[in-house]
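Please read them with the structure open beside you.

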Amino acid sequence: MTAAIVGIGQTEYSKSAGRSETLLAGEAILAAVADAGLKPEQVDGIVSYTIDPVEETELVRALGAREIGWSSRVPYGGGGSQGVLLHAAAALAVGAADVVVAYRAIKARSGSRFGAAQLSGRPTSAHSGSTAMQWSNPFGVITPASWMSLNAVRYMHASGATNEDFGRAVVQLRAYAATNPAAHFYGRPITLEDHQASRWIAEPAIRLFDCCQETDGAAALVITRADRAGDTPAPVAIAAAAGAGLFEEEIGSNHYRPDLAVMDGSVALAKRLFDATGIARDDVDVALVYDAFSPILLMQLEALGFCGFGEAKDFVADGHLGPEGSLPCNTNGGLIGEGYIHGLNLTLEAVRQLRGTAVNQVPDARTALVTASRTGVVLQHPDAAP
Amino acid sequence: MTVIRLSATRPAPVVTDDSEAFWTAVSDGRLVAQRCSGCRRFRHPPRPICPYCHSLEHELFDLAGTGTVYSYAILHHPQNPAFDYPLIAALVDLDEGLRVVTNLVEIDPSEVRIGMEVEVVFAPTVDDMAVPVFRPVGDDR
């Protein structure tokens, strides 16, 4: 890869932003451009992912960008969140743009609630990668938790993992969030008993505390070619970026793959991120893994190859995700503890870790992995890049 | 409180050009699937091209309506007024090798097990349509 992340920006994360998604996106982008030492007028490429509500032309008007050479949206909703870096790197490589901003603005709590039990009269939302949702809607399988619980219960059946095993991961995420002032659950760690006392959402897989936080806010990154990143204050190299969408697989309503106990989209992703690039899993100092719901955190750890099938429950219980573990994971508290900016806040945390500015800093972090089931990136400190 | 429903509240399925034949059959009390006229393989959900041999021709095949529970979840929250809770969501693997998203009915949520044998029944929806749901059969009843 020949691209680098040179700026990050975000708004506050809250339950009620009190302003438009376009303004939220603009604030995060202005902060990210300033962080990169660049001017908003220099932005000539923009990328987000479904289901961001911000209209690109309104965003360009607000930013005062002079000429947009390239724009894109990655399908699969949050599962496509890390695909923005793959798209940006590709655009930079072919010269379609020089300064790309990737963003996601969301009012998942005060606006259209992300976890609400809403029925849609349409077969799918356009370009979402979720056409099978029309086949689950008439059965009340209409929330992200209900879609994913069907996969999670099969995983529990096949692996022996229990909801308590998921709870141990949540306790770690909440411990990280407790020391992150930007997190929704700042100052509010929980015990496994607290977790087990939270009410069922989708039994026997998902309790309330297994769910990510519906959040208002925005996050943004600035990406440029690596050869000009050296002029910016704190660049982070994109060492690998990839996506994988398999036959019959979807995001959320993924119910038709042969073996739903294995997130085989993540298996394919890991082959592209690691096996195809020569980057070793052992090189990863900190991992940010899309934890919309706690079961898929364990399932992705296995699919990405950090432990074998059925071993994630022991991997978690043995403390590997913690600050002293072999794979400190979701050190901002994750989507469960910090908030749900549809996955892009995980990417910002990876950049902070490699810059050495994270609140729960992993000492001397040089390589970070960020994945969202089917899209992912490996980021590296400039000194670590080959 | 027990809510007595005077008419179906379950939402009607979304009908598209590619799914219309399936839903019309279901509303007539038939569980069907596309079977490719070229390679004879079944496929579901419906689609306009066989993904295995790329034939554009298919027939609607009447399925046995029996299968086993591949996975399930007891849905508690959040709730939509169209459904009664707790609602049993399930994935059923049909004997013909197809999988469907569905509900389990005529069973207590605590009795649901992966691998149990089930058979199709039809639940009415608004707009006088129906969807296939499943109930225990044989030793699992």
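1. Strand 1 of chain A and strand 7 (residues 216–225) of chain A run antiparallel and are joined by seven bridges. Helices (H or I, at least four residues) and strands (E, at least two) are DSSP runs, numbered from the N terminus. Two strands pair if DSSP finds at least two bridges between them. In this pairing Q10(A) stands opposite A219(A) of strand 7. Strands of a sheet pair through backbone hydrogen bonds, either parallel or antiparallel.

2. This is a predicted model, in which local features need pLDDT of at least 70 and side-chain atom pairs count only at pLDDT 80 or more, while totals for chains, interfaces and linings use all residues. Residues are numbered from 1 along each chain as its sequence is written, and chains are lettered from A and ligands numbered from 1 in the order in which they are written.

3. Strand 1 of chain A also runs antiparallel to strand 8 (residues 236–243) of chain A, with two bridges between them. Here I5(A) stands opposite V236(A). Is strand 1 (residues 3–10) of chain A mostly covered or mostly open? Eight of its eight residues are buried, so to speak of it as mostly covered is in order. A residue is buried if 20 or more other C-beta atoms lie within 10 Å of its own, exposed if 12 or fewer, and partly exposed in between, with C-beta atoms placed from the backbone.4. Chain A as a whole has twelve helices and eleven strands. Its radius of gyration is 19 Å, close to the 21 Å that the globule rule gives for 386 residues, so chain A is as compact as a globular protein of that length. The radius is taken over C-alpha atoms, and the globule rule is 2.2 Å times the number of residues to the power 0.38. Along the principal axes, the C-alpha atoms of chain A fill a box of roughly 55 × 50 × 40 Å.

4. Of the 386 residues in chain A, 61% are buried. Among the contacts in chain A with a separation of 6 or more, 78% are between residues 24 or more positions apart. Two residues are in contact if their C-beta atoms, placed from the backbone, lie within 7 Å.

5. At what angle do helix 5 (residues 163–178) and helix 9 (residues 294–303) of chain A pack? The angle is about 90 degrees, and the axes are 9 Å apart. That makes helix 5 of chain A roughly perpendicular to helix 9 of chain A. Axes are lines fitted to C-alpha atoms, for helices over the stretch in contact, and angles run from 0 to 180 degrees between N-to-C directions. Angles under 35 degrees count as roughly parallel, over 145 as roughly antiparallel, 65 to 115 as roughly perpendicular and the rest as oblique.

6. The residues that meet are D165(A), F166(A), A169(A) and V170(A) from helix 5 of chain A, and S294(A), P295(A), L297(A) and L298(A) from helix 9 of chain A. By class, this contact has six nonpolar residues, one polar and one charged. Ala, Val, Leu, Ile, Met, Phe, Trp, Tyr, Cys and Pro count as nonpolar, Asp, Glu, Lys and Arg as charged, and the others, Gly among them, as polar.

7. Helix 9 of chain A is mostly covered, with ten of its ten residues buried. The buried residues include Q300(A) and E302(A). Just after this helix, G305(A) has a positive phi of about 95 degrees.

8. Helix 3 (residues 83–93) of chain A is mostly covered too, with nine of its eleven residues buried. Among them are H87(A) and L92(A). G95(A) follows helix 3 of chain A and has a positive phi, near 80 degrees.

9. How many residues does each chain bring to the contact of chains A and B? Chain A brings 33 residues and chain B brings 29. On the side of chain A that touches chain B, helix 4 (144–159) and strand 5 (200–203) are the elements that give two or more residues. Helix 4 of chain A gives the most, with six residues. By class, that side has 18 nonpolar, eleven polar and four charged residues.

10. Strand 5 of chain A pairs with strand 4 (residues 66–75) of chain B in the antiparallel sense, over two bridges. E203(A) has I74(B) as its bridge partner in strand 4 of chain B.

11. Chain B holds an open sheet of three strands with antiparallel pairing, in the order 2-1-3. Its edge strands are strand 2 (42–43) and strand 3 (58–62) of chain B, each of which pairs on one side only. Strand 1 (residues 32–36) of chain B is joined to strand 3 of chain B by five bridges, and V32(B) has D62(B) as its bridge partner there.

12. L87(B) lies in strand 5 (residues 87–94) of chain B. L87(B) is buried because 21 other C-beta atoms lie within 10 Å. Leaving aside neighbours within four places in sequence, L87(B) is in contact with G140(A), L75(B) and N103(B). The C-alpha atoms of L87(B) and A73(B) are separated by 8.3 Å, and the two residues are 14 residues apart along the chain.
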